[in-house]
Amino acid sequence: MVGPHKPFPISIQNDALKRQRGKCGSCGSPIFSVGTSGASAHKFGEGAEGHHVIPHQMGGPLTLENCVVLCKSCHYSVHRGGHWKYTEQYNFVKGLPMAQRVAAVAKLYPHYR
Ligand SMILES: [Zn+2]
Ligand SMILES: [Zn+2]
C-alpha cells in the first residue's frame, strides 16, 4: 500500500474490479486481482490497488461506489506523483452531496464501469 490510504476491504476491491471488467479504471490495463497477488499478471509487473474516488481525508466512504481499482502507475499519477495531500482536483464537486461527488468524479475514470 502506497501513501496514507485507509484501505478498502479486499471484498470491496474485488467487487470493484468485477464492475470494471478486470481493467484498470484509468488506463484499461488488464488486472486479474487486487493486491500483490495480481502483480505477476499485470503488464508492468505491479500490484493493483483500490483507490478512493473521493479521498478518505475529504470524507470519502469505504464503499464499492467510492472504490476504483487502479494499476500502480495510474494510482501514483492520480496522486500527482505521490503528492498525496493535494486535493484541489476535487474542488469542482465541493458542495455536492457525497453520493453526487462520488458519481461526478467516478465519471472521470473511463473504465470505472
Ligand atoms: Zn492503469
Ligand atoms: Zn489512491
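Colleague: Which residues does Tyr 112 touch, not counting residues up to four places away in sequence?
Modeller: Start with the caution that this is a predicted model. In it, Tyr 112 touches Gln 20, Gly 25, Val 68 and Ala 106, with residues up to four places away in sequence not counted. Tyr 112 lies in the segment after α3.

Colleague: How far apart are Tyr 112 and Val 68 in sequence and in space?
Modeller: They are 44 residues apart in sequence, and 6.4 Å apart in space from C-alpha to C-alpha.

Colleague: Is Tyr 112 buried or exposed?
Modeller: The idea is to count neighbours: a residue is buried if 20 or more other C-beta atoms lie within 10 Å of its own. Tyr 112 has 20 other C-beta atoms within 10 Å, so it is buried.

Colleague: How much of the protein counts as buried?
Modeller: Of its 113 residues, 32% do.

Colleague: How confident is the predictor?
Modeller: Where pLDDT is low, the predicted coordinates should not be read in detail. The average pLDDT of this protein is 86, and 86% of the residues score at least 70.

Colleague: How do β1 and β2 run, and how many bridges join them?
Modeller: They run antiparallel, and five bridges join them. To follow the pairing, take the bridges one at a time. Ala 48 has Cys 71 of β2 as its bridge partner. For Glu 49, the bridge partner in β2 is Leu 70.

Colleague: Which residues lie on each side of β1?
Modeller: For a strand, look at both faces in turn. Ala 48, Gly 50 and His 52 are on one side of β1, with Glu 49 and His 51 on the other, and all of these are buried. That makes five buried residues out of the five in β1 (residues 48–52).

Colleague: Why is β2 described as largely enclosed?
Modeller: Five of its five residues are buried, so the rest of the structure largely encloses β2. Cys 67, Val 69 and Cys 71 point one way, while Val 68 and Leu 70 point the other way.

Colleague: Which residues of α3 are buried?
Modeller: Arg 101, Val 102 and Val 105 are buried in α3. Seen down the helix axis, the buried residues of α3 fall within an arc of 95°, so they line one face of the helix. The general idea is that an α-helix has 3.6 residues a turn, so residues three or four places apart point the same way.

Colleague: Where is Ser 29?
Modeller: Ser 29 is in the loop between α1 and β1. Ser 29 has 18 other C-beta atoms within 10 Å and is partly exposed. Ser 29 and Cys 71 are 42 residues apart in sequence but 7.5 Å apart in space, C-alpha to C-alpha.

Colleague: What is the phi of Arg 21?
Modeller: Phi of Arg 21 is near 55°, which is a positive value in a residue other than glycine. Arg 21 is found in the loop between α1 and β1. With 11 C-beta neighbours inside 10 Å, Arg 21 counts as exposed.

Colleague: What share of contacts joins residues at least 24 apart?
Modeller: Among contacts between residues at least 6 apart in sequence, the share is 62%. For a last pair of residues, take Ser 73, which is in helix α2. Ser 73 and Ser 26 are 47 residues apart in sequence and 9.9 Å apart in space, C-alpha to C-alpha.

How values were computed: Residues are numbered from 1 along each chain as its sequence is written. Chains are lettered from A and ligands numbered from 1 in the order in which they are written. This is a predicted model: local features need pLDDT of at least 70, side-chain atom pairs count only at pLDDT 80 or more; totals for chains, interfaces and linings use all residues. A residue is buried if 20 or more other C-beta atoms lie within 10 Å of its own, exposed if 12 or fewer, and partly exposed in between; C-beta atoms are placed from the backbone. Two residues are in contact if their C-beta atoms, placed from the backbone, lie within 7 Å. Helices (H or I, at least four residues) and strands (E, at least two) are DSSP runs, numbered from the N terminus. Two strands pair if DSSP finds at least two bridges between them. The arc is that of the directions from the helix axis to the C-beta atoms. pLDDT is the predictor's confidence in each residue, from 0 to 100.
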